[in-house]
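Dear colleague,

I am passing on a structure that you have not worked with before, and I would be glad if you could look through it. My notes on what was found follow below it.

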Amino acid sequence: MEEVHALSYAVLSHGLADVEPSGAVLTADPNIVSCAGSYYFKTCPAVDPNAELIVDTAGLTATTPLVPHQGTIGPPNYPETYNWSVYVTAAKNVPTAGAIRTTVLVTWTTPAKAGNHPFVQLQSLVSPASKSIPSTLQVAGSASAALFYGTGTITKGSVTITPVTSAGNPTGIDLVQAWNSVNVDLESVDANLQTQQLASVGGQVTNVGGRTDVGGTVTLLGAGTTTTATSNSPGTAAATFQTGTIGPTSPGTLTICGTGGTANCIGVRGSGIGSNSGQSTSTTFAGGSNPCNGQANNRPCGYGQVAQGQDFQAYIDLRQSTPSGALNAGNLVNIAAAYSGTAVYESAYGRRTAGSGGDGTVKETVTRDIPYSTALADLPLPGGQKPSGWAGGWVKFTGSNYQPTATAGAGIGAAAPSISVPGGLTIAAWNGSGYTNIPVTTAGTTICPVGCANSISALAWCYQSTSSLSYLFNITGSLAVGASYTRSTTGAGGAIVDSTAVIGSPLSGSVSYTVTKYNGSSVCAAGGATVVTELANLSMAIDFGTATAHASYQPA
């Protein structure tokens with residue numbers, strides 16, 4: 001997605017090549033279908049009226065990552081093989097003239113489980129930095145006037161847990177029914193606006209939540225959401241206003257367990273004294289009876305804020321594996337709320353301002369909040385049986401809450417894009433006897449056992465329960481802190497015509513997590529009469545999401 005964000009609207013508006021450099025036609029991709037001579041993403045309009053048209057152009061030269069629009073990454077840089085695809089579509093049901101939607105889909109295959117393809121999908125809206133909108137993307141209502149466009153986005157980060165199956169462990173966890181995935185999803189926010197003669201403002205907020213997928217049936221926990229959208233008719237001054245709220249959310253749990261009387265479980269839960277909440281506001285005329293984040297200049301405004309009040313966890317419970325009670329329950333993911341009696345918000349704020357005269361400016365500001373007490377990949381063991389120096393997980397956030405801000409503006413008098421990343425947040429990476437602190441900075445970095453800028457030790461922990469019973473816990477993976485950056489383009493008179501500020505993901509990557517039982521005199525090793533049983537084999541895909549402020553301006 002960062003490579004997509006780096007492309008201009010002019011490049012993205014050409015979309016994909018109708019024929020890939022390899023000679024393959026677009027419909028060789030099963031996510032692209034041909035409908036009455038045109039290409040659509042996943043389905044035809046006759047089936048789904050909201051189906052979006054694939055934007056494609058004949059004869060495009062190679063452009064990463066659009067042409068070709070698919071590829072593969074894997075070892076030695078990543079522990080697994082990942083297949084990526086990028087799609088460009090004419091966006092529907094969005095309050096923006098000429099907007100295009102970019103979709104990035106990453107999939108990987110779980111061994112020995114046919115048809116189960118875990119995936120991560122991210123989407124972003126992009127609008128023109130000028131009035132030169134391709135005919136396939138034009139909408140009625142845009143006339144000769146200065147064009148302003150702004151987007152403020154916090155993408156929905158997530159941790160996705162999937163089973164790695166085998167003949168001896170057909171569901172990935174001993175005594176658990178077949179399942180596809182368990183997710184903990186972070187918050188997301190959008191606040192977008194466009195003004196020309198038509199003023200359009202829209203946004204959404206979505207709370208932290210969880211998901212389970214069993215046999216294709218997805219069940220949600222939390223993840224409350226609300227959307228707002230307002231617009232003016234061309235040439236009229238009538239103001240429009242819409243606001244929506246979510247929350248409060250009660251604690252809850254989703255579990256996937258075995259089907260017999262004796263069963264282990266994996267699940268996701270929300271708990272704690274706080275409440276998940278949020279609000280989205282869109283107005284074409286801020287002030288007075290149209291409140292929008294204190295703005296009172298009678299100009300368009302979009303504002304969204306969302307707060308996590310509950311701790312959210314994904315957990316594994318192995319207490320029923322024979323012999324029952326030898327193991328415990330443990331958190332695979334623990335995203336603790338920043339709430340301590342007062343809500344702490346992530347937000348996106350888009351608005352028109354007077355600037356230094358003339359047409360004025362458009363400005364977007366996005367602020368994140370990642371709780372510092374987040375931890376991944378704990379062990380389902382009593383505290384006294386964990387490795388010396390172990391404190392809640394293989395990798396953690398420590399220090400202080402992560403509250404960076406990205407700001408981008410465009411127009412006459414707009415300031416250069418900026419990113420503010422307060423110090424204090426660090427990633428605590430397991431080093432074999434404790435943790436090594438790695439600062440989260442705008443430069444980004446990589447973290448893995450071998451060959452990265454920073455080291456994290458693979459865990460191979462043997463817990464001996466009795467003289468004839470032992471358990472081996474293996475955790476390894478490859479992680480990264482995404483780089484943050486700004487870029488801008490100036491036009492006539494030094495006015496900024498396109499501006500972007502991106503806060504990289506504070507943590508992304510993949511983790512492998514296994515638990516193996518050794519029933520016999522050989523401690524955590526095969527040998528003699530020892531019976532080896534795999535109790536859990538899981539893959540965790542991690543991405544805590546990005547934040548982007550983007551603004552563009554084109555004089556009349």
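How many aromatic pairs does the structure hold? Please keep in mind that this is a predicted model; within it, the structure holds seven aromatic pairs. One of them is formed by Phe41 and Tyr87, a tilted pair whose rings lie 4.7 Å centre to centre, with 40 degrees between the planes. Because Phe41 belongs to strand S3 (residues 38–41) and Tyr87 to strand S6 (residues 82–90), this pair ties together parts that are 46 residues apart in sequence. Phe41 is buried, with a relative accessible area of 12%, and Tyr87 is buried as well, with a relative accessible area of 0%.

Why does the pair of Tyr463 and Tyr471 count as stacked? The ring centres of Tyr463 and Tyr471 are 6.1 Å apart and their planes stand at 20 degrees, and planes under 30 degrees apart count as stacked. Tyr463 is buried at 9% relative accessibility, and Tyr471 is buried at 0%. Elsewhere, ring pairs join Trp390, Trp430 and Tyr435 into a cluster.

The charged end of Arg269 sits over the ring of Tyr315, at 4.2 Å from the ring centre, while the charged end of Arg352 sits over the ring of Phe148, at 3.7 Å from the ring centre.

Turning to the nonpolar cores, the largest has 75 residues, and those with the most contacts inside it are Val333, Trp394 and Phe544. Strand S35 (residues 469–481) supplies the largest share of this core, namely six residues. If residues up to four places away in sequence are not counted, Phe544 touches a set of residues that includes Gly157, Leu186, Ile335, Arg368, Phe397 and Pro506. Apart from this core lies another, of 20 residues, and among them are Leu26, Val86, Tyr87 and Leu105; Tyr87 is thus a member of that core as well as the partner of Phe41 in the tilted pair described above.

Is Arg101 buried or exposed? Arg101 is buried, since its relative accessible area is 14% and the limit for buried is under 20%. Its side chain is joined to the side chain of Glu52 by a polar contact of 2.7 Å, and the side chain of Arg101 also reaches the backbone oxygen of Lys92 at 3.4 Å.

With kind regards

Key:
Residues are numbered from 1 along each chain as its sequence is written. This is a predicted model: local features need pLDDT of at least 70, side-chain atom pairs count only at pLDDT 80 or more; totals for chains, interfaces and linings use all residues. Side-chain values use heavy atoms; hydrogens and water are left out. Rings of Phe, Tyr and Trp (its six-membered ring) pair if their centres lie within 6.5 Å; planes under 30 degrees apart count as stacked, over 60 as edge-to-face and the rest as tilted. Helices (H or I, at least four residues) and strands (E, at least two) are DSSP runs, numbered from the N terminus. Buried means under 20% relative accessible area, exposed over 50%, partly exposed in between (1.4 Å probe, protein chains only). A charge sits over a ring if NZ of Lys or CZ of Arg is within 6 Å of the ring centre and within 35 degrees of the ring normal. A nonpolar core is a set of buried Ala, Val, Leu, Ile, Met, Phe, Trp, Tyr and Cys residues joined through side-chain atoms within 4.5 Å. Contact means heavy atoms within 4.5 Å. A polar contact is a pair of N or O atoms within 3.5 Å; within protein, one must be able to donate a hydrogen and the other to accept it, and residues adjacent in sequence count only if both atoms are side-chain atoms.
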